[in-house]
Structure formats: C-alpha cells, structure tokens
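Here is a short report on a protein model. Look through the sequence and the structure first, then read on.

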Amino acid sequence: QVQLVESGGGLVQAGGSLRLSCAASGRSFSSYGMGWFRQAPGKEREFLAAVSRSGSSTYYSTYYTDSVKGRFIISRDNANNTVYLQMNSLKPEDTAVYYCAARKYTTAQAMGRMNTNALDAWGQGTLVTVSS
C-alpha cells in the first residue's frame, strides 16, 4: 500500500498562490488514482480534485457554487511519485487542512464521487491559512 506525505502548506494573503505536494512511497504509484481533499474547522472533509493514474484525465469538484475549478490545478509526476495541487487566487474561505488520498485502479471521476471511506490511503494533511 502507498504511503502519502503532504507538504507546501502555510500562510498566504488573499489573492496569492500556493503549490501543495504529496509524495508517495511504496510500490506502483501509477496504479493509483490520486486526489486532494480539504477540511475546514467545524466542517466535513470535502473533495477538491482528482487525477487519473496516467495523469491524462482530471476531475474537479462541482458541488459548491464557488467551484475550485479554474483556481486549483491538480497534476502528477509518476516518475517522482508525486501529485501536486496548484492553488491560485486564494480566498480566506480556502483556509483548511489539505489532504491527499489514493485509491487503486480508479478513474479521476470515480474518485471524486466515491465515499471517502473507500479510499486506500491518506496523508497526514498540511495546513493552509489564507489571510484577508
């Protein structure tokens, strides 16, 4: 099973950008669909974006009216066992702990729609704080 470690969080002003990284260890990283989630204080963990095993397909949350699509970009580098989340035009409401997760043999769209209990692995999270 893959092990995940996030990095890149921190304090940023509204309108700024951050790039989160999630490094995976273990075998067969390219066998896993990868996703990013976040959890704000007092709220449930929410799906943000997922990328397919090859990196050729992505899927973004459309649940919230203020969608992250267009501001957040997910990508992966299978040669370096890493998935990224580029976050632009950050807002104070983006403040949360950000988690990456993995699910074996899944598509990006399926990962975005499945129950979080079905995911195979989670990182420990990285805190992003956006000041106004």
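Leu11 is in contact (heavy atoms within 4.5 Å) with Thr129 and Ser131, leaving aside neighbours within four places in sequence. Leu11 lies in strand E2, residues 10-13; strands (E) are DSSP runs of at least two residues, numbered from the N terminus. Leu11 is exposed, with a relative accessible area of 66%. Exposed means over 50%, buried under 20%, and partly exposed in between, with a 1.4 Å probe and protein chains only.

This is a predicted model: local features need pLDDT of at least 70, side-chain atom pairs count only at pLDDT 80 or more, and totals for chains, interfaces and linings use all residues. Residues are numbered from 1 along each chain as its sequence is written, and side-chain values use heavy atoms, with hydrogens and water left out.

**Glu6, buried and charged**

Glu6 sits in strand E1, residues 3-7. Glu6 is buried but has no salt bridge (a side-chain nitrogen of Lys or Arg within 4 Å of a carboxyl oxygen of Asp or Glu). Arg45, the nearest side chain of opposite charge, is 7.4 Å away. The Glu6 side chain does reach the backbone nitrogen of Gln124, at 2.9 Å. A polar atom of that side chain also lies 2.8 Å from the backbone nitrogen of Gly125.

**The core**

The largest nonpolar core has 30 residues. Such a core is a set of buried Ala, Val, Leu, Ile, Met, Phe, Trp, Tyr and Cys residues joined through side-chain atoms within 4.5 Å. Leu4, Met34, Trp36, Leu85, Met87 and Tyr98 touch the most other members. Apart from this core lies another, of 8 residues, including Phe47 and Tyr59.

Note on methods. Helices (H or I, at least four residues) and strands (E, at least two) are DSSP runs, numbered from the N terminus. Lys and Arg count as positive and Asp and Glu as negative; His and the chain ends are not counted. A polar contact is a pair of N or O atoms within 3.5 Å; within protein, one must be able to donate a hydrogen and the other to accept it, and residues adjacent in sequence count only if both atoms are side-chain atoms.
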